[in-house]
Amino acid sequence: MSVAIENPRAVNRPRLGEWTLRSIAITYLTVLIIIPLIIIFRDGLSGGLGELWHQVTLPVAWHALKLTMWTAAVMTIINSIMGLLTAYVLVRYTFPGHAFLNAVIDLPLAIPTLVTGVMLVILYGPQEALGAWLKQHWGISIIFAPPGIILALLFITFPFVVRAVQPVLLTLDRAQEQAAATLGAGVWTIFSRIVLPPLVLPLASGALLSFARAIGEFGAIVIVAGNLPMYSQTAAVYVLGQVESENRVGASAISIVMITIAFTLILVVDWLQHRRNIGVTR
Amino acid sequence: MTTILTSGSLPAVAKPARRPVSIRRMWTRYLLIAVVVTYIAILIVAPLVRLVISAFEHGIAPVFGALADPVILQAFWLTVFISVITVVVHAIFGTIVAWVLVRQRFRGRAFLNALIDMPFAVSPVVVGYMLLLLFGRTGILAPLLDPFNIKVAFALPGMILATLFVSLPFMVRELVPVLEAFGVQQEQAAATLGASGLQTFWFVTLPAIRWGFIYGVTLTFARALGEFGAVLVIGGGIQGRTETATLSIYRALDERHYVGAYSAALVLGLFSLILVLGSELLRRREHKS
């Protein structure tokens, strides 16, 4: 009996072992993440906010940031629509090749992004059959141009929306949809009025996560984009250029802007997921 | 969706209205499946197939020839070495971090939790640059390390640190949900029976969370194998010394040595793919039995 009474206390009161583990965890994250972040913010802000703003608004840097943002935004819109559709098809329909399709979704998580870039250049590059055909007949160049960036980002972030929406879609009670169908509601009405509303939160978190991921992407883009300043050079590639030419202030300034935007988005995603969890338990 | 109409409990009036709806449904269904399959085929499958074809364009011999190149071989070994160290470190510390986040409540916990996702938000190039600011020639820690002749930047330790940073979230994010689902009851029971903390973890907790653990290890390994931007900046890609597999592919492309680049890219891609899909397959088989 005495053991049973003693034990809950022992669990509640932090013991030496728990303190040790906690300190290890905090030290680990401090060394690996916090210290480097402090250093880069200190470096970028050493000349004051005015200098940071000056570096960010230099034409080449500003163009690189704008390109990064708009390609990420276009990707996010396409990815949201196609990701939602893919999750819907995977959850609601069975067809030959269903399991294969489901496995293919995770493929981009496993393939190194540099390899993704190589694959896209081989398929859509100007010297390859398909790329040459697109260029000749439609006047579209994909590789070494902004469309290539969007294509690479779509490849890399494809799992994010699908895997965010899929589990929620699986838990939806289909009785409501069936009731609506018997009352004569069309496919689109059922989808927009009944299926879509509970999917908005997971869709938003998947979309924001893919946007955040896209801002920093480097491996695929450096291969695919051609990296021409003022045309197809993204922020990450610009930072690399500044590091190589030893322009510390410029590199730190753009890095800070990228980190701030992406981390804010990730915090919003955390918050959205937290809200959804509360909604479920209620 | 038509099951409710055929279940028999509905009046016969419902029947005439059923056919046009279900035909429209059927068309919607085929259309949606076709759109999704086409999208995935164009976006993901076609590039992969094209890479395989390109690598084997001139037969199998040039592929093996390119892979037997000592420079490429050395680059692959360096990548495997860095990845193994990364996985070991994250397996230990990542598990501790996940355990502390799930089992302990303390001030600043939410902040630590958000911090885990930070590497998702930082560009690999920026990761390498941050380490350069710390350990580079004019870095903040240079005066401390130089007297002891410890080289971090443009050397192995810097590349390992960079890979550790970018692959940090995977282990923790895989373990947190399984630890939460496992709960504390069995751990408490073990403690009541006199098991030490380490014994409890080794014999009770770890077996219960092993699939999360294995999947976390696999994802970490795959991420480490494919890291490029961060090791490029901190390592410098010095051929034969700090050149990893991805960096050797990048150089081969630059030198227009395409068969070598495609072969190496194919091997690296397939290796990560087999890792991730393999562990997913194992997990599914375990769940079925």
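This is a predicted model: local features need pLDDT of at least 70, side-chain atom pairs count only at pLDDT 80 or more; totals for chains, interfaces and linings use all residues.

Phe144(A) sits in the loop that links helix H8 (129–138) to helix H9 (146–171) of chain A. Check its backbone while you are there: phi is positive, about 65°, although the residue is not a glycine. Most residues other than glycine have a negative phi.

Which other non-glycine residue can you pick with a positive phi of about 65°? Go to Met230(A), which has one as well. Met230(A) is in the loop between helix H12 (219–224) and helix H13 (235–244) of chain A. Buried or exposed, this time? Met230(A) counts as exposed, since it has 11 C-beta neighbours inside 10 Å.

**Zoom out to chain A**

You'll see 14 helices and zero strands. As for overall dimensions, the C-alpha atoms fill a box of roughly 75 × 60 × 35 Å along the principal axes. The radius of gyration of chain A is 24 Å, whereas a compact globule of 282 residues would have one near 19 Å. Of the 282 residues in chain A, 44% are buried. Take the chain A contacts between residues at least 6 apart in sequence: 76% of them join residues at least 24 apart.

Now colour chain A by domain, with 1–44 as domain 1 and 48–281 as domain 2. Their C-alpha centres are 35 Å apart. Where the two touch, domain 1 of chain A puts in four residues and domain 2 of chain A puts in six. The domain 1 side of that contact consists of two nonpolar, one polar and one charged residues.

**Into the core**

Next, select Val118(A) and Val239(A). These are the residues with the most contacts inside the largest nonpolar core, which has 165 residues. Show what surrounds Val239(A): leaving out residues up to four places away in sequence, it touches Ala251(A), Ile254(A) and Ser255(A), plus Val125(B), Val126(B) and Tyr129(B) from chain B.

Follow Val118(A) across to chain B and you reach Ala261(B), which touches it along with Ile249(B), Ala252(B) and Leu253(B), again not counting residues up to four places away in sequence. Ala261(B) belongs to helix H16 (residues 258–288) of chain B. It counts as buried because it has 26 C-beta neighbours inside 10 Å. For a sense of scale, draw a distance from Ala261(B) to Pro143(B): the two are 118 residues apart along the chain, and their C-alpha atoms are separated by 40 Å.

**The chain A–chain B contact**

Show both chains. How many residues of chain B are in contact with chain A? There are 76, and they meet 69 residues of chain A. Highlight helix H2 (residues 14–55) of chain B, which gives the most to the chain B side, with 20 residues. By class, that side of chain B has 58 nonpolar, 12 polar and six charged residues. The predictor gives the complex an ipTM of 0.88 and a pTM of 0.88.

**Around chain B**

Stay on chain B and colour its domains: domain 1 covers 3–55 and domain 2 covers 61–288. The C-alpha centres of these two domains lie 40 Å apart. Four residues of domain 1 of chain B are in contact with five of domain 2 of chain B. On the domain 1 side, three are nonpolar, one is polar and none is charged.

Then pick Glu243(B), in the loop between helix H14 (229–235) and helix H15 (245–254) of chain B. Glu243(B) counts as buried, with 23 C-beta neighbours inside 10 Å. Beyond four places in sequence, its contacts are Ala75(B), Gly237(B), Ile238(B) and Ser248(B). Ile72(B) is 171 residues away from Glu243(B) in sequence, but the two are 8.8 Å apart, C-alpha to C-alpha.

**Last stop: confidence**

Colour chain B by pLDDT. Its mean is 86, and 92% of its residues reach 70 or more. Finish on residues 1–19 of chain B, where pLDDT stays under 50 and the model has 11 contacts beyond four places in sequence.

Terms used. Residues are numbered from 1 along each chain as its sequence is written. Chains are lettered from A and ligands numbered from 1 in the order in which they are written. Helices (H or I, at least four residues) and strands (E, at least two) are DSSP runs, numbered from the N terminus. A residue is buried if 20 or more other C-beta atoms lie within 10 Å of its own, exposed if 12 or fewer, and partly exposed in between; C-beta atoms are placed from the backbone. Two residues are in contact if their C-beta atoms, placed from the backbone, lie within 7 Å. Domain bounds come from an automatic or database domain assignment. Ala, Val, Leu, Ile, Met, Phe, Trp, Tyr, Cys and Pro count as nonpolar, Asp, Glu, Lys and Arg as charged, and the others, Gly among them, as polar. pLDDT is the predictor's confidence in each residue, from 0 to 100. A nonpolar core is a set of buried Ala, Val, Leu, Ile, Met, Phe, Trp, Tyr and Cys residues joined through C-beta atoms within 7 Å. The radius of gyration is taken over C-alpha atoms; the globule rule is 2.2 Å times the number of residues to the power 0.38.
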